[in-house]
Amino acid sequence: KQFVDSYIDYVFNTSVEKHFKAFAKGFRRACPLPAVDIFLPVELMAVIHGNTNYDWHLLEKNTKYHGYVEADKSIANFWEMFHGLTEEAKKHFLAFLTGCDRIPVGGMRNLSITIVHVPKDDPDLYFPAAHTCNMILDLPKYSSMEILKERFLRAIGCCRKFGIQ
């Protein structure tokens with residue numbers, strides 16, 4: 001038992017002490033605030049790394065509209081298409097719109113996006129556009145669900161290909 005206890009202490013404490021002290025020194029240089037000390041490790045991880053507790057229906061519920069109303073056909077098509085996507089594609093949309101595929105601390109209830117209608121002469125020729133600082137999605141009024149899905153997936157795919165995550 002003493003050997004096992006000594007070995008565990010060596011592996012988890014002694015052998016990493018030098019590395020941990022260097023990490024802690026660098027971390028304290030980047031985050032010198034004493035407020036960091038009030039967090040439990042899991043809470044600090046959520047603050048730094050973000051949350052992965054996705055609730056896509058809550059995102060829809062918290063969405064605001066400008067130039068659209070919730071009952072518009074374009075909005076109904078958007079959410080129907082969105083909820084039919086894979087989880088991975090939904091995360092790509094979050095990265096496209098916010099710059100990060102993680103949810104802020106507090107979960108989806110603290111995430112509010114705005115979908116804006118920007119009139120276009122032929123909306124089927126345009127792609128959705130994201131304004132990441134304000135979490136705004138410019139969504140043209142597409143003539144069909146198929147065009148909406150094709151344009152949407154291509155837009156979030158370009159975001160991923162250019163490394164915006």
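Six salt bridges are present in the structure, a salt bridge being a side-chain nitrogen of Lys or Arg within 4 Å of a carboxyl oxygen of Asp or Glu. The model is a predicted one, in which local features need pLDDT of at least 70 and side-chain atom pairs count only at pLDDT 80 or more, while totals for chains, interfaces and linings use all residues. Residues are numbered from 1 along each chain as its sequence is written, and side-chain values use heavy atoms, with hydrogens and water left out.

One of these contacts joins R28 to D37, with 2.3 Å between the closest N and O atoms. R28 has a relative accessible area of 34% and is partly exposed; on this scale, buried means under 20% relative accessible area, exposed means over 50%, and partly exposed lies in between, for a 1.4 Å probe and protein chains only.

E150, R151 and R154 are linked in a network of salt bridges. The closest N and O atoms of R151 and E150 are 2.9 Å apart, and those of R154 and E150 are 3.6 Å apart. R154 and E150 both belong to helix α7 (residues 145-161), where four residues, about one turn of the helix, separate them. Helices are DSSP runs of H or I with at least four residues, numbered from the N terminus.

R151 is buried, at 16% relative accessible area. E150 is partly exposed at 33%, and R154 is likewise partly exposed, at 46%.

Note on methods: Helix = DSSP H or I, 4+ residues; strand = E, 2+ residues; numbered from the N terminus.
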